[in-house]
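Please look through the structure shown below.

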Amino acid sequence: MRRPLDVNALVLVLIVTGCATSTSPSGAASPSASFDETPSPASIGSPSAGATPGTSLPEYQPEATQIGQIIATEPLIVRDGPGTGSQAIGTIYPHMHFRFMEGPSSASGYNWDRVRVGELEGWIADGLRSGSAFDPWLAQVDNDAIAVAFADEVPAPHIDLIRASGETVAPLTDLGDALNAAAMPGRSGGNVLALSCGREASNLTWSWDGKLLAFNFTWCDGAAFTVNTAGVRNRILDGRTMALSADARRMVVSENFPYTGCTDPGCESGPWELHLVNLATGAASQITHSSPFVTTSSPDWSPDGRLVAFVADTVGNLSSPARQLVWTVDVASGTERRLTDGQMPRWSPDGARLAVLRQASFQVSPTVWIIRADGSDLAEL
């Protein structure tokens, strides 16, 4: 069990059990999980979720009502007052947003801020100090606006920024040009598994600092984009669904390529696989390797950036009906693990569990189930 990060205990103990293996869509077996038993204090609370390579995050000067985010790599304990002697009242997990309420207040050798997440309100330490060095655990989110996608045909599908009050801040991007073939070059024929050619933006996902928005624009095969708050848009890769990593440096996109050496009808549209894209360099690599006619979709990054959950949607035939299966893939090794039947996997903030939708048949509504990341303890909510 992962213990929350606190200034009272800078050595974390991770207890990992189980050596379960599972056959991946490509036939690979998943090795047993392994973690460092006692990470060094220097690695705890490092700003891996928010730091830009080659730079360091400045100490922030939070103001009341501003939005912040946890950029520590471990959970933070919330206390009823500043200082390590105050009572622990809750936990905030990596990448979660909160609202600054008061602070900073110096106590026990740390600066503390009073923050609020839903009904939880208390004090958290802002980082680890060692001499003149500072390893921040918190960061301000500069943009507190909301991105809203509009599918109106007139003037065109677009994304706007609005305040919580409903006030429009600015149009973020006009997707009208994306409807033009010249602006959306695609492979001829499309995918034989695609059922529709919608005109809408979906999967809107903010970067940790609120400066970059990633989204899908579905137009037949579709494509993944990023756009900054100034409205500058970049097309990342063709693909139907995508997910932005918590550190906003990487993206996974469900993309397809033609079958190799195949001349049958439909071969120009091969199986959909997940591809990993480095947003700084544009380099892309395939990280899933499914059987033919299996569509991967609905990716979701684990909070630590190590795993991606996704759905493998099989076409099915008379002897084997179509199924939707939830898998995870280790981004570094490519090891895939099958978890359960289901769709739309979403990670819990601590990365220990996933919520999935399961549907016994088209005649009944889907229900929410919870499952651990190792595939155990499947339970219906």
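The charged end of Arg358 lies over the ring of Trp369, at 4.6 Å from the ring centre. A charge is said to sit over a ring if NZ of Lys or CZ of Arg is within 6 Å of the ring centre and within 35 degrees of the ring normal.

The model is predicted, so local features need pLDDT of at least 70 and side-chain atom pairs count only at pLDDT 80 or more, while totals for chains, interfaces and linings use all residues. Residues are numbered from 1 along each chain as its sequence is written, and side-chain values use heavy atoms, with hydrogens and water left out.

Rings may also pair with one another. Rings of Phe, Tyr and Trp (for Trp, its six-membered ring) form a pair if their centres lie within 6.5 Å; planes under 30 degrees apart count as stacked, over 60 as edge-to-face and the rest as tilted. How many aromatic pairs does a search of the whole structure find? The search finds three.

Tyr110 and Trp137 form a stacked pair, because their ring centres are 6.5 Å apart and their planes are at 20 degrees. This pair links distant parts of the chain, 27 residues apart: Tyr110 belongs to strand β5 (residues 110–117), and Trp137 to the loop between β8 (133–136) and β9 (138–140). Strands (E, at least two residues) and helices (H or I, at least four) are DSSP runs, numbered from the N terminus. Tyr110 and Trp137 are both buried.

Gly103 and Pro104 are joined by a cis peptide bond, with omega about 0 degrees, and Pro104 is placed in strand β4 (residues 97–107). His95, in the loop between β3 and β4, has a positive phi near 75 degrees although it is not glycine. Ala248, also not a glycine, has a positive phi of about 60 degrees. Ala248 counts as buried because its relative accessibility is 17%.

Technical notes. Buried means under 20% relative accessible area, exposed over 50%, partly exposed in between (1.4 Å probe, protein chains only).
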